[in-house]
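Please consult the sequence and the model alongside the text.

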Amino acid sequence: MSQQTRTRPDASARALREAYDTALLDLDGVVYAGGEAIAHAVDALRVARQGGMHLAYVTNNALRTPDAVAGHLTELGVPAEAGDVITSAQAVARLIADQIPQGARVLVVGGDGLRIALRERGLVPVESADDGPVAVAQGYGGPDMSWGRLAEASYAVARGLPWFASNTDLTIPSPRGIAPGNGAAVEVVRIATGAEPQVAGKPLPPMHRETILRTGAERPLVVGDRLDTDIEGANAGGVDSLLVLTGVTDAAQLLAAAPKYRPTYVDADLRGLLTGQPEVSGADGGFTCGGWTASVRGEALVIDGEGAALDGLRALCAAAWTYAGDGECGLDAGKALARVGL
């Protein structure tokens, strides 16, 4: 993405799987939700991989190990190896190892993914604030993580130990809806101690560094469902991005997005990797994509025409982002989105 404020989704005459050498794919809300494959994901990834695109799976969820994630993907029909998986646990372990000596003890508040990542960096995970840790590492511990684990973190952080968080996603998708994520647990420790953690995960530089080091991508495309992690991280790293509407972000949130959250491309799901992206043309008087033309009238976004819903959304993005400039778009988009079927 250029340094100029993005005012519309980009076009691509080539299929994205041909235009980029590596897809840096988020998992929750992109490939699967609640452990089950999202519609069209398995087939789309198979075709992309057969066409020569390298697939790397980049997740802020620090709970599971790369081996476990790769095994799960393979069970779903997406063959993967541990080396294809990059987690925020790996990113935070590198961040910690850069600041404390090998062999040092680290209090772990999280799951096996975080413990194993720390061991790989020569650090020793411990379970209590009284076990002599010199740092605290906090990551998502699953829905059954106890209040006592957050208390252990609070005790250690209050004693002045450096505190590291794998990520600060406030929510995580689940089969029953949106559940609290690691960021919610981080807030508990923050409230109890008044301290601030060093954070490794998307959208921050440690995760981007970890991903590039492990994949060697030269023309990467970030693929995600979240504006505030996947897309913001891509923009911060100067990398193009594809937002898919299978997870947390909905069409209304996309239209309202401030510049740092605006993706290069938008599509319904991972089938977007297999196609080009249509051009959005026009200027302030109206923006056209496919059979739709979007504009601003008064305090609302409006759209006329007919065609594919995603083309209508792309046209509406251009109208909303141009109107908002460097800020967020607060225009009423409800009727326009209903008109295109979103």
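The model is predicted: local features need pLDDT of at least 70 and side-chain atom pairs count only at pLDDT 80 or more, while totals for chains, interfaces and linings use all residues. Residues are numbered from 1 along each chain as its sequence is written, and side-chain values use heavy atoms, with hydrogens and water left out.

**Overall architecture**

- Along the principal axes, the C-alpha atoms fill a box of roughly 65 × 45 × 40 Å.
- The chain contains 12 helices and 19 strands, which are DSSP runs numbered from the N terminus (helices: H or I, at least four residues; strands: E, at least two).
- Of the 342 residues, 54% count as buried (buried is under 20% relative accessible area, exposed over 50%, partly exposed in between; 1.4 Å probe, protein chains only).
- Among contacts (heavy atoms within 4.5 Å) between residues at least 6 apart in sequence, 69% join residues at least 24 apart.
- Carbon and sulfur atoms contribute 50% of an accessible surface of about 14000 Å², computed by the Shrake-Rupley method with a 1.4 Å probe.

**Helix α3**

- In α3, residues 66–76, the buried positions are Pro66, Val69, Ala70, His72 and Leu73.
- Viewed down the helix axis, these buried residues of α3 fall within an arc of 160 degrees, so they line one face of the helix; the arc is that of the directions from the axis to the C-beta atoms.
- An α-helix has 3.6 residues a turn, so residues three or four places apart point the same way.
- The buried residues of α3 pack against β2 (32–33), β4 (54–59), β5 (85–87) and α4 (88–97).
- Asp67 and Glu75, on the other side of α3, are exposed.
- Glycine 77 follows α3 and has a positive phi, near 105 degrees.

**Serine 241**

- Serine 241 belongs to strand β14, residues 240–244, and is buried, its relative accessible area being 0%.
- Neighbours within four places in sequence aside, serine 241 is in contact with Leu221, Val222, Ile231, Ala234, Pro263, Thr264 and Tyr265.

**Glycine 132**

- Glycine 132 sits in the loop between β7 (124–126) and β8 (135–138) and counts as partly exposed, at 47% relative accessibility.
- Its C-alpha atom is separated by 9.5 Å from that of alanine 156, 24 residues apart along the chain.
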